[in-house]
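Work through the exercises below with the model open beside you. Try each task before you read its solution.

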Amino acid sequence: MALETGRVVDVVKQTDEAPHGGEGWAGREGSLTDELGTLWAECGVASEYATLRSVLMRTPGPEIEAVTDPRPALWYDLLDPIKAREQHAGLVDFYRSHGVTVNLGREVALNMPNAYFCRDHFCMTPQGAVISRMASASRAGEERYAAADLADLGVPIMHTVFGEGTFEGADVVVANEDLVFVGHGMRSNRSGAEQVADAFRRVGVPEVIIVEIPYGCGHIDGTINVIDKDLSLVFPTQLSWVVYETMRRHGFRFVDLPSGEEAQMGMAINMVPLAPRVVVLPAGNPVTVRTLQENGCEVFEVEISELMKGGGAVHCMTGVIHRK
């Protein structure tokens, strides 16, 4: 009986100790949002047009030299490695000269020549990252490197697309803090799109809409770019009617891409807002530049023609971590 009594005393004493809530225990206060910038890195995106603070980019490494046939690599043509790296360094320098923190990711495997397109590997909610699951066999696994890079930077991972879901980060448009579109198409299947939409809903975005991506369009970012709280540049023959009507309800007006040739060959919509009505886009799109300027935008151009042979431009290469 004494032994039994002793066991009871030991248990009572144990529950009174700090690991079990006793003296010395202090509960965690606040939310994850409160911890961004202290316990976690300052990060998050509540709109596509807020001032750009931090990005993840990846310098094209020896993996682009291993490509002998552009088709399996999903490229338009072979890249000149020296010129490609020079142009990528120029874009990095441009961002840094405009106050953007550029985090350069680690080297990737030699069978991943598209890994410099960092936008596809993740998207940002207002509280942290959603890690993609790439759709094509040739890009499978690229997202692992982005996940490791983001973890090293202290960015919270809110969700990783799993199961049979596929999703690529360029299939998200954060129109504003109340409205997000998730694309469903060749790159992001229904399961992936639903997982990502749910991640945005869980962090409190009131309206999250899954929209179909038109045939012949890789991602939703090929149809729209939000450049201010009330202004969007759109590809009118590609844009979803649902996106158009919903954004009108939210007070947006639209500028149509003025040149089909610049839209297709110049990747004119593949731009990145640095701040409201301040954008950087690929050089060689004079009609689009003039149209944006006529709508009150400050426009910067960067020479990335060699990198564009890989099938993407400024927006594709820029993995946005933080806007504020």
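The exercises go from the whole chain to single residues.

This is a predicted model, so local features need pLDDT of at least 70, side-chain atom pairs count only at pLDDT 80 or more, and totals for chains, interfaces and linings use all residues. Residues are numbered from 1 along each chain as its sequence is written, and side-chain values use heavy atoms, with hydrogens and water left out.

**Exercise 1. The whole chain**

Task: State how many helices and strands the protein chain has, and what share of its residues is buried.

Solution: 
- Step 1. Count the elements. The protein chain has nine helices and 15 strands. Helices (H or I, at least four residues) and strands (E, at least two) are DSSP runs, numbered from the N terminus.
- Step 2. Check burial. Of the 324 residues in the protein chain, 55% are buried. Buried means under 20% relative accessible area, exposed over 50%, and partly exposed in between (1.4 Å probe, protein chains only).
- Step 3. Take the dimensions. The C-alpha trace spans about 90 × 50 × 40 Å along its principal axes.
- Step 4. Contact means heavy atoms within 4.5 Å.

**Exercise 2. The two sides of helix H6**

Task: Find which residues of helix H6 are buried, and which exposed residues sit on the face turned away from them.

Solution: 
- Step 1. Helix H6 runs over residues 241–249, and its buried residues are Val243, Thr246 and Met247.
- Step 2. Seen down the axis of H6, these buried residues fall within an arc of 95 degrees, so they line one face. The arc is that of the directions from the helix axis to the C-beta atoms.
- Step 3. Recall the geometry. An α-helix has 3.6 residues a turn, so residues three or four places apart point the same way.
- Step 4. Turn to the other face. Trp241 and Arg249 are the exposed residues there.
- Step 5. Find the cover. Strands S6 (172–176), S7 (179–184) and S8 (207–212) are among the elements over the buried residues of H6. That cover also includes S9 (224–228), S10 (231–234) and S11 (253–256).
- Step 6. Inspect the ends. At the start of H6, a side-chain oxygen of Ser240 comes within 3.1 Å of the backbone nitrogen of Val242. Just after H6, Gly251 has a positive phi of about 95 degrees.

**Exercise 3. Strands S9 and S10**

Task: Describe how S9 pairs with S10.

Solution: 
- Step 1. The pairing of S9 and S10 is antiparallel, over four bridges. Two strands pair if DSSP finds at least two bridges between them.
- Step 2. Locate one bridge. Ile224 has Val234 in S10 as its partner.
- Step 3. Follow the link. A hairpin of two residues joins S9 to S10.
- Step 4. Check the cover of S9. Five of its five residues are buried.

**Exercise 4. Aromatic pairs**

Solution: 
- Step 1. Rings of Phe, Tyr and Trp (its six-membered ring) pair if their centres lie within 6.5 Å; planes under 30 degrees apart count as stacked, over 60 as edge-to-face and the rest as tilted.
- Step 2. Tyr244 is partly exposed, at 25%.
- Step 3. Note the cluster. Phe94, Tyr95 and Phe300 form one aromatic cluster.

**Exercise 5. Core residues**

Task: Find how many residues the largest nonpolar core has, and which residues Val182 contacts.

Solution: 
- Step 1. The largest nonpolar core has 61 residues. Such a core is a set of buried Ala, Val, Leu, Ile, Met, Phe, Trp, Tyr and Cys residues joined through side-chain atoms within 4.5 Å.
- Step 2. Val182 is one of the residues with the most contacts inside this core. Leaving aside neighbours within four places in sequence, its contacts include Phe167, Val172, Val196 and Ile210.
- Step 3. Another core, of 18 residues, lies apart; among its members are Val173, Ile209, Val243 and Met247.

How values were computed
A polar contact is a pair of N or O atoms within 3.5 Å; within protein, one must be able to donate a hydrogen and the other to accept it, and residues adjacent in sequence count only if both atoms are side-chain atoms.
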